[in-house]
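Here are a few exercises to work through with the model open in your viewer. Try each one before reading its solution.

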Amino acid sequence: MDLNRVQIFAQVVEQGSFTGAAKALGLTKTTVSRKVAELEKQTGVQLLFRTTRALRLTEAGSVYYNKITKILQDLENAEVQLSASQLRIKGKMKVVCPFEMGQLFMGPVFASFLESFPDISIDTELTSRNVDIIEEGIDVLFHVGMIEDSRIQTLKLFNTSTTLMASPAYIARFGTPKTPDDLVNHRYIDCQFSRHHGGEDGVIGIFDGQKWRKIEPKVPFRVNNITLAREVAIAGLGMAALPVLIAEEALMSGELVPLLEDFPMEHNVLTLSYPKRAYMPRKYMVFIDYIYQTMFRNKAEELLEKPDFVELSEEDIDASSSASFDCVKSLESLDINKRRQLAASAVIGDIG
């Protein structure tokens with residue numbers, strides 16, 4: 001058996017095309033197609049139906065793929081069990097995450113990880129755009145919202161909430177909304193952070209005490225970055241809906257004020273995604289395990305999902321390589337009411 005042909009065939013199935021497999025393997029499309037044809041000749045059966053617009057498994061191909069998946073996984077498991085002296089973990093990885101997560105948390109994590117695994121290199125992109133993991137060759141993606149794609153493994157990390165907020169200047173000019181119905185008469189800074197991941201264009205999803213509502217306020221400004229949305233809100237243009245973490249300093253200083261605190265907004269979920277493989281590369285496993293160990297272990301009670309290969313032990317980790325991740329910070333943790341009592345002139349807020 002030519003294992004190289006088998007692995008290429010598995011990649012074609014997982015990527016859904018010869019082109020995708022070629023990108024993933026660093027080969028030409030012609031080479032991938034030829035290797036699959038050689039495998040079909042070797043086995044004596046047609047494994048794939050090929051058309052100009054689609055590629056799908058034959059019945060025999062499906063049976064064959066299911067069997068080789070286990071074989072390839074067993075090979076990977078055997079490789080993982082080798083000691084570090086026998087096999088060095090190496091390779092390139094492309095990691096994509098939201099701007100704020102990258103800027104606030106990922107710097108120390110990347111630095112300490114690459115010190116521990118010097119034969120791995122990482123290309124990182126911070127973005128708010130929708131990405132295609134398979135087509136763009138992304139190894140690990142942090143994002144908000146679920147990805148419905150059978151080729152991709154998505155794990156829920158944390159629920160994240162937002163709350164409406166505005167500056168004292170805006171409130172002085174337009175008043176404070178008392179109920180969700182009042183929002184239709186207010187200005188709203190529409191952020192793609194919500195729209196890209198389940199939210200609707202120019203719509204505020206909020207619970208009125210009895211049911212979830214979709215409110216359409218006036219939208220003078222749209223943006224794809226929550227940090228800029230925060231700054232525009234501080235400048236007084238309109239209300240914004242942001243994570244508490246992003247607006248913490250503005251809330252504590254009184255530059256922003258929480259609105260409709262008794263009416264929760266729709267939750268998003270922070271997720272981690274990576275391509276499904278017949279066998280998972282070790283670089284994936286060590287990187288994802290490192291992320292969980294350094295960033296999420298202290299949040300184990302709030303953590304929604306983790307892969308089977310990650311074990312969150314009780315042992316302490318080196319403080320120099322750990323990162324505090326607090327994407328679920330709430331208004332209560334800011335103790336705003338106490339500060340209001342101490343400094344009545346300081347108007348403090350909540351985030352949306």
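A crossing is left-handed if the near helix is turned anticlockwise from the far one by less than a right angle, and right-handed if clockwise. This is a predicted model, where local features need pLDDT of at least 70 and side-chain atom pairs count only at pLDDT 80 or more, while totals for chains, interfaces and linings use all residues. Residues are numbered from 1 along each chain as its sequence is written, and side-chain values use heavy atoms, leaving out hydrogens and water.

**Exercise 1.** Work out how α1 packs on α3.

Step 1: find the helices, which are DSSP runs (H or I, at least four residues) numbered from the N terminus. Here α1 covers residues 3-15 and α3 covers residues 29-43.

Step 2: get the geometry. The two axes come within 9 Å and cross at roughly 115°, so α1 is roughly perpendicular to α3 (that class spans 65 to 115 degrees).

Step 3: α1 passes α3 in a left-handed crossing.

Step 4: list who touches (heavy atoms within 4.5 Å). α1 brings Asn4, Arg5, Val6, Ile8, Phe9 and Val12, and α3 answers with Val32, Lys35, Val36, Glu38, Leu39 and Gln42.

**Exercise 2.** Are Cys97 and Cys191 buried or exposed?

Step 1: set the cut-offs: buried is under 20% relative accessible area, exposed over 50%, partly exposed in between (1.4 Å probe, protein chains only).

Step 2: compare. Cys97 has 0%, so Cys97 is buried; Cys191 has 4%, so Cys191 is buried too.

Step 3: look at the whole protein, where 46% of the 352 residues count as buried.

Notes. Axes are lines fitted to C-alpha atoms, for helices over the stretch in contact, and angles run from 0 to 180 degrees between N-to-C directions. Helices (H or I, at least four residues) and strands (E, at least two) are DSSP runs, numbered from the N terminus. Angles under 35 degrees count as roughly parallel, over 145 as roughly antiparallel, 65 to 115 as roughly perpendicular and the rest as oblique.
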